[in-house]
Amino acid sequence: MKKEIKFDQFSNLIKNFIVVTLLSRQLEEFIENQNKDIYKNAYIHLMFINYVEGISQMELSLLTGTNKSTLVRNINDLVKKDYVCKKTSIRANENELYLTNKGLEIVDKIKNWINDRELEIEKSTKDSQKTKESVSEYLLKIINMYSIY
């Protein structure tokens with residue numbers, strides 16, 4: 001049963017955080033259901049590897065807030081399962097990370113999922129602009145669309 005949220009009492013920063021958190025959870029579930037062999041937040045690592053060409057594990061750790069030892073373990077798992085490959089960098093003792101074809105396929109699935117959500121939100125935005133809904137009402141509508149509670 002959904003709990004009542006006193007949404008109007010939250011700041012816009014918190015409202016946006018709630019929306020992002022809910023969408024992130026749904027994306028995690030989607031990726032886990034599509035690819036049973038990868039860890040639940042692999043999508044964020046794969047997306048950074050895709051968009052920051054030759055990113056190092058240290059940079060990836062800093063950008064994603066992932067503990068270094070956890071990230072090393074996760075990246076080794078992605079390498080072993082042929083989603084990511086490591087190449088020696090010309091920089092001091094660093095490995096650069098790149099997606100394999102298998103990794104690119106997952107990134108395409110992620111992009112499509114995100115595009116679908118963006119289209120839904122865009123349609124909702126157009127509808128809300130017609131009715132002149134407030135930002136709070138609009139964000140609450142999105143939360144209700146994607147909430148699993």
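Modeller: UniProt lists residues 46–84 as "domain: HTH marR-type", in an unreviewed entry. Keep in mind that this is a predicted model.

Biologist: How much of residues 46–84 is helix, and how much is strand?

Modeller: The span is 69% helix and 8% strand. Its end C-alpha atoms lie 8 Å apart.

Biologist: OK, the sheet. What order do the strands come in?

Modeller: The order is β1-β3-β2, in an open sheet with antiparallel pairing. β1 (55–56) and β2 (84–88) are the edges. Each has a single partner strand, so one side of each has no neighbour in the sheet.

Biologist: How many bridges join β1 to β3?

Modeller: Two. I55 has L97 in β3 as its bridge partner.

Biologist: Which helix packs on the sheet?

Modeller: Helix α4, residues 68–80. It touches β2 and β3, and its direction makes about 105 degrees with that of β2.

Biologist: Stay on α4. Which of its residues are buried?

Modeller: L71, N74, I75 and L78. They fall within an arc of 100 degrees seen down the axis of α4, so they line one face of the helix.

Biologist: What do the buried residues of α4 pack against?

Modeller: α2 (42–51), α3 (57–64), β2 and β3. On the other side of α4, R73 and K80 are exposed.

Biologist: And what follows α4?

Modeller: D82, with a positive phi near 65 degrees.

Technical notes:
Residues numbered from 1 in each chain as written. Predicted model: local features only at pLDDT ≥ 70, side-chain atom pairs only at ≥ 80, totals over all residues. Heavy atoms only, no water. Pairing = 2+ DSSP bridges. Helix = DSSP H or I, 4+ residues; strand = E, 2+ residues; numbered from the N terminus. Contact = heavy atoms within 4.5 Å. Axes fitted to C-alpha atoms, helices over the stretch in contact; angles between N-to-C directions. UniProt positions renumbered as here; feature names shortened; annotations may be inferred. Buried < 20%, exposed > 50% of the residue type's maximum accessible area, 1.4 Å probe, protein only. Arc of directions from axis to C-beta.
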